[in-house]
Each structure stands twice: as structure tokens, then as C-alpha cells.
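Hi,

Here is the structure I promised to pass on. Have a look at it first, then read my notes below.

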Amino acid sequence: MKTMKIQLAFSSFIFLLFSPFFAAFSSAQDFDFFYFVQQWPGSYCDTRKSCCYPTTGKPEADFGIHGLWPNYKSGAYPSNCDPDSPYQSSTINDLIESLQREWPTLSCPSSDGNPFWEHEWEKHGTCSESVLDQHAYFKATLDLKNKINLLQILNDAGIKPDGGYYSVSSIKDAINKATGFTPWIECNVDEARNRQLYQVYMCVDTSATNLIECPVFPRGKCSDQIEFPPF
Ligand code: 5GP
Ligand code: 5GP
């Protein structure tokens with residue numbers, strides 16, 4: 001009996017001694033970095049699927065946020081991590097106006113944006129809850145958008161949404177020169193099957209504040225020259 005007690009006390013001691021290590025280890029396992037993904041509305045809307053403007057009106061001709069996605073260095077990613085943490089728009093009342101402007105929804109049927117933000121929170125945001133609660137997640141994403149003015153950066157390099165064709169390397173170079181980091185460019189195709197600039201991925205550290213070089217790039221390919229369609 002006595003030995004059992006001693007054993008129990010000893011194992012509790014060992015556990016307590018190492019628990020900070022376990023905690024650090026398990027949170028380090030959560031995810032390794034974020035993809036901060038922005039979409040060009042012109043390329044979302046000119047596809048075969050087309051788009052629907054938000055109930056609040058046509059968004060500005062600017063890149064919009066798609067999401068902030070926790071990712072692993074392996075290229076894999078966690079999703080839908082916490083069914084007990086549903087999206088609650090009441091926790092982000094102070095951000096709704098900015099979300100409508102910077103994170104507009106373009107899918108059909110038209111909505112006020114809440115279904116899009118809900119999807120992004122539940123699929124991706126719940127996987128970085130160890131560092132960002134719901135309010136912090138949306139705020140950090142909006143702050144990233146305000147820090148990186150993609151349209152301005154491209155415009156300054158003579159790359160404009162004028163329906164012209166631009167090389168993917170010139171787009172990447174312009175963003176790299178302005179931010180110091182290499183983006184990933186995702187293409188899609190318009191109704192005539194032309195490849196076009198659809199989404200720009202930047203990598204961000206686990207605090208969701210600093211850009212980093214991407215530990216891994218998503219898969220997929222554009223052609224050398226891609227269209228930058230108007231919106
Ligand atoms: P698609 O298959 O259209 O590229 O992506 C569909 C969805 O899967 C994305 O909108 C996003 O939610 C998720 N997804 C695709 N690729 C990645 C990735 O590399 N990392 C993460 N975290 N999510 C991704
Ligand atoms: P993901 O591709 O991140 O998993 O999520 C995309 C989901 O959000 C889809 O179900 C899509 O219908 C919805 N969604 C709503 N608005 C938008 C939008 O503006 N762009 C994209 N890519 N998806 C949107």
C-alpha cells in the first residue's frame with residue numbers, strides 16, 4: 001500500500017515536472033504557420049460558375065480576404081478542429097463593417113457575409129484557437145489585409161486589372177520587392193478557359209502578425225502569362 005502511494009506521488013511529480021514541456025509540445029503540434037489568402041473578385045466572378053454580390057452591395061475593385069489558414073510544414077493542414085466553438089457574430093460586432101469591406105463574400109446566393117465568415121472560422125479558425133480566439137482571429141486577418149496593399153503593389157509595378165496578360169514571375173517579383181517575401185499565385189480559368197490571377201497566398205507566423213517565407217507552397221500551376229481581368 002505504502003509503495004503504491006509512493007509510486008503515485010512519484011509519477012505525479014514526474015508529470016508536474018514535465019507538464020510545461022507537454023503543453024509546449026502539444027501547442028507546437030497545433031499548426032506551423034498560416035496561409036493568408038486574398039482573392040481577386042474579377043477572377044471569381046468571370047468564371048463559368050459566376051458570382052453573386054453581397055446583399056450590402058458590389059465590393060470595391062480590390063483584393064478581398066479569402067481566409068487565414070493554419071497549415072503544417074508538411075503541406076497538410078488541420079480543419080474543423082472544434083465543433084464546440086461555433087461562429088458567433090455577436091463577438092465581432094465591432095469588426096463587421098471592416099469585414100464587409102475587406103472580406104466580402106461573392107458566392108451565390110447573395111448573403112451579408114456571415115455564412116462565409118462562419119465557414120472560415122469553423123473550418124480554419126478553430127484550428128488556431130490556441131493562439132487566437134474568434135475576435136482575435138478576425139482582427140488579425142483584417143490587420144494583415146491593411147498591412148499588405150496588393151493592388152497598390154501591383155499597380156506600382158505596372159500590373160493592372162485591365163484584362164492584360166502579365167507573367168507570373170513579374171507578379172511574384174513585384175510582391176517580393178514590396179514585402180520582402182515570396183507569394184504563391186493561384187490561377188483559375190474564365191469562361192473562355194483563359195488562365196487568370198485568382199488568389200495570392202502569403203505566409204504568416206503562428207502569431208498571425210509577421211510575414212515569413214513559406215515553409216511549403218500549395219500545389220497547382222499557372223501558365224507563364226496570366227490574365228488580370230477587371231472587376
Ligand atoms: P481548393 O481545393 O479549391 O484549392 O481549396 C478548397 C478549400 O480547401 C480552400 O478554400 C481551403 O479552405 C482549403 N485549402 C486548400 N488548400 C489548402 C492549403 O494548402 N492549406 C489550407 N490550410 N487549406 C487549404
Ligand atoms: P474554402 O474554399 O475556404 O473551404 O471555403 C470556401 C467556401 O466559402 C465555399 O463553400 C464557398 O461557397 C464559400 N464562399 C462564400 N463566399 C466566398 C468567396 O467570396 N470566395 C470563396 N472562395 N468562397 C466563398
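What follows is a short tour of the two ligands and the spaces in the protein.

Before anything else, keep in mind that this is a predicted model.

Let's begin with ligand 1. Where does ligand 1 sit? Ligand 1 sits in the largest pocket, which holds about 280 Å³ of space. That pocket has a lining of 13 residues, and those nearest its centre are Tyr35, Asn71, Gly75, Tyr77 and Pro218. Sorted by class, the pocket lining comes to 7 nonpolar, 4 polar and 2 charged residues.

Around ligand 1 itself you'll find Tyr35, His66, Trp69, Pro70, Asn71, Tyr77, Lys123 and His124. In that shell, 4 residues are nonpolar, 3 are polar and 1 is charged. Strand β2 gives the most to this shell, with 4 residues.

A nitrogen atom of ligand 1 is 3.2 Å from a backbone N or O atom of Pro70. A nitrogen atom of the ligand also lies 3.3 Å from an N or O atom in the Tyr77 side chain. For Lys123, a polar side-chain atom is 3.0 Å from an oxygen atom of ligand 1. On its own, ligand 1 has 500 Å² of accessible area, and the protein covers 64% of that.

Now for ligand 2. How many residues surround ligand 2? There are 14, and the closest are Thr105, Leu106, His119, Glu120 and Lys123. By class, the shell around ligand 2 has 6 nonpolar, 6 polar and 2 charged residues. Both β2 (64–71) and α4 (114–123) supply at least two residues of this shell, and α4 gives the most, with 4 residues.

There are polar contacts to look for here too. A nitrogen atom of ligand 2 lies 2.9 Å from a polar side-chain atom of Gln39. The side chain of His119 has an N or O atom 2.7 Å from an oxygen atom of ligand 2, and an N or O atom in the Glu120 side chain is also 2.7 Å from an oxygen atom of the ligand. Taken alone, ligand 2 exposes 500 Å², of which the protein buries 73%.

One last thing to look for is a cavity. The count comes to 1 cavity of 30 Å³ or more, and the largest cavity has a volume of about 30 Å³. Its lining is made of Gln39, Pro41, Asp62, Phe63, Gly64, Pro104 and Leu106. By class, that is 4 nonpolar, 2 polar and 1 charged.

Conventions
Residues numbered from 1 in each chain as written. Chains lettered and ligands numbered in written order. Predicted model: local features only at pLDDT ≥ 70, side-chain atom pairs only at ≥ 80, totals over all residues. Heavy atoms only, no water. Near = heavy atom within 4 Å. Polar contact = N/O pair within 3.5 Å; in protein donor to acceptor, adjacent residues only side chain to side chain. Areas by Shrake-Rupley, 256 points an atom, 1.4 Å probe, with all protein chains shown as cover. Nonpolar A, V, L, I, M, F, W, Y, C, P; charged D, E, K, R; others polar. 1 Å grid on protein atoms, 1.4 Å probe; cavity = no way out; pocket = protein on both sides within 12 Å on 5 of 7 lines; lining within 4 Å. Points joined across faces, edges and corners; volume = space filled by probe spheres on them. Sits in = over half its atoms within 2 Å of the grid points.
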